[in-house]
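Visitor: Could you walk me through this model, one question at a time?
Guide: Gladly; have a look at it, and then ask away.

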Amino acid sequence: MNKYRSRIVDAILQDKLEAKGAVLIEGPKWCGKTTTAAQKAASILRMDNPTEKEQNLSLAKLNPLRLLKGETPRLIDEWQIAPSLWDTVRYEVDQRSKMGQFILTGSAVPPDTKEITHSGTGRFSWLLMRPMSLFESGESSGEVSLKDLFDGKLDVDGENKNDIEKLAFLICRGGWPGAVGLKEKPALQQAFDYYAGVVKSDINRVDGNAKNEERVMRIVRSYARNQGSQVAMTVIANDIMSNDAFSVNEDTVQTYIQSLKKIFVVEDMTAWNPNLRSKSAIRTSDTRYFVDPSIAVASLGLGPEDLLNDLNTYGLLFETLCVRDLRVFAESINGSVYHYRDNAGLECDSVVHLRNGKYGLIEIKLGGDTLIEEAASNLKKLALKIDTSRMNEPSFLMVLTGVGHYAYKREDGILVVPIGCLKN
């Protein structure tokens, strides 16, 4: 049996179990939800076990309390197969009046919520789990801590072991636990198999309606070409028609993208809205991202060599990897990740904003002195725009890089940190 790799959400899950009667872990298939939940569970019910599925579905209708019996915390894996279990869990949490009774895991929003009558407020806590960050997969030294930066420890130091070839491989492999540790060829194959599963079956689980497989592929491919941007659905629809001569309208694109969101394949980034000294209008459109860069890679049919031969595409996919890791890290310190762009064209790739009002500004660049200098200039411009009489000064300004040997603080105070040195 493979040894369990510790995840950043382990501690978050423990805290939530101590605070609520039930915890719902959501996230993409194959990101490790069940394995992580099993580390805390004292008993497990696997709703998708093919030898027991029909029996479990019958019990969910006739005697759902029977399914909840077992040592606690009791893990109910893929609970959305029987949505009525939600209200039963909520009821049982009320009756027991104890914390940490149930862990529910699900890789899709239930297709039919008519059987759910209660939101779960006060009884449930929600936890979104993503694929592994480089720190969790052992490919970041973790010498620079995001938490430490928010605590004012800005004298960073660290060594990056990932060169441009290794980083290209990590982007294409992705953060799927089952791919980590495999030899290069089978490791790279996992993302293509994952993408095929999304296109052929997973996207249909959302509402039970079969979707056109070719249309799904073209929409995902277009989304991949436009990741990291704030393009409208009309742009994606036009991109599909102009590139593939395939007729599709904006409403259809929107429906398919919503389905991809419900199975946690797509995770867009919302806009950050700070208090500014100027009257710049802030763009509020979401930025398009996948939950893991390997999905985009697979949809475009690329490999590490392709990225090395096209540094523009490499840079876009590297940004998606960084956003994935920043989201994983921010979650553990009560933070969220946003994007900033205004009508003057000034933008910031990522803003990590904590619940306590602290925030850090981060520009993402693959590497190179010229790009780092441009990023540093952007960060300074944005920092000067923020009205610090109405909100905090930024805790740090950072250029997050791919290549480059070391993490360091520049004379102007801006941090340059390779993603291969960062942790939560």
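Visitor: Which residues form one aromatic cluster?
Guide: A word first: this is a predicted model. There are 10 aromatic pairs in the structure. As for the cluster, its members are W79, W86, F124 and W126.

Visitor: Are the planes of W86 and F124 stacked or edge-to-face?
Guide: A pair of aromatic rings is described by the distance of the centres and the angle of the planes. For W86 and F124 the centres are 3.8 Å apart and the planes meet at 5°. Planes under 30 degrees apart count as stacked. The rings of W86 and F124 are therefore stacked.

Visitor: How many residues apart in sequence are the parts that this pair of W86 and F124 ties together?
Guide: Both W86 and F124 are buried. W86 belongs to helix α5 (residues 85–96), whereas F124 belongs to strand β5, so the pair links parts whose separation in sequence is 38 residues.

Visitor: And Y223 with F290: is that pair stacked or edge-to-face?
Guide: Y223 sits in helix α9 (residues 213–225) and F290 in the loop between α11 (250–262) and α12 (293–300), so the pair ties together parts 67 residues apart in sequence. Y223 and F290 are both buried. Their ring centres lie 5.7 Å apart with the planes at 80°, so the pair is edge-to-face.

Visitor: What does α9 reach from its first C-alpha to its last?
Guide: Helix α9 has 13 residues, and at 1.5 Å a residue the expected value is 18 Å. The model comes close to that, with a reach of 19 Å.

Visitor: At the start of α9, which residue has a side-chain oxygen that reaches the backbone nitrogen of E214?
Guide: Within α9, the buried residues include V216, I219 and Y223. At the start of the helix, the backbone nitrogen of E214 has a side-chain oxygen within 3.0 Å. That oxygen belongs to N212.

Visitor: Turning to the sheet, what is the order of its strands?
Guide: The sheet is open, has 5 strands and shows parallel pairing. Its edge strands, each pairing on one side only, are β2 (43–46) and β5 (124–128). The twist from one strand to the next averages 20°. Reading across, the order is β2-β3-β4-β1-β5.

Visitor: Which helix packs on the sheet, touching β1, β2, β3 and β4?
Guide: The helix covers residues 33–40, and its direction makes about 170° with that of β4. It is helix α2.

Visitor: In β5, what is the bridge partner of A22?
Guide: Strand β1 (residues 22–26) runs parallel to β5, and 5 bridges join the two. The partner of A22 in β5 is F124.

Visitor: Which residue in β4 is the bridge partner of I25?
Guide: Strands β1 and β4 run parallel and are joined by 5 bridges. On β3, which also runs parallel to β4 with 4 bridges, I76 stands opposite L104. For I25, the partner in β4 is T105.

Visitor: How many residues of β4 are buried?
Guide: In a regular strand the side chains alternate between the two faces of the sheet. For β4, F102, L104 and G106 on one side and I103 and T105 on the other are all buried, which covers both faces. The strand is largely enclosed by the rest of the structure, because its buried residues number 5 of 5.

Visitor: Finally, is N162 buried or exposed?
Guide: N162 lies in the loop between β7 (158–159) and α7 (164–173). It touches residues including L134, L170 and G420, and a polar atom of its side chain is 2.9 Å from the backbone oxygen of E139. The relative accessibility of N162 is 6%, and residues under 20% count as buried, so N162 is buried.

Notes. Residues numbered from 1 in each chain as written. Predicted model: local features only at pLDDT ≥ 70, side-chain atom pairs only at ≥ 80, totals over all residues. Heavy atoms only, no water. Pairing = 2+ DSSP bridges. Axes fitted to C-alpha atoms, helices over the stretch in contact; angles between N-to-C directions. Contact = heavy atoms within 4.5 Å. Buried < 20%, exposed > 50% of the residue type's maximum accessible area, 1.4 Å probe, protein only. Polar contact = N/O pair within 3.5 Å; in protein donor to acceptor, adjacent residues only side chain to side chain. Phe/Tyr/Trp six-rings, centres within 6.5 Å; stacked < 30°, edge-to-face > 60°. Expected span 1.5 Å × (residues − 1). Lists of a residue's contacts leave out its neighbours within four places in sequence.
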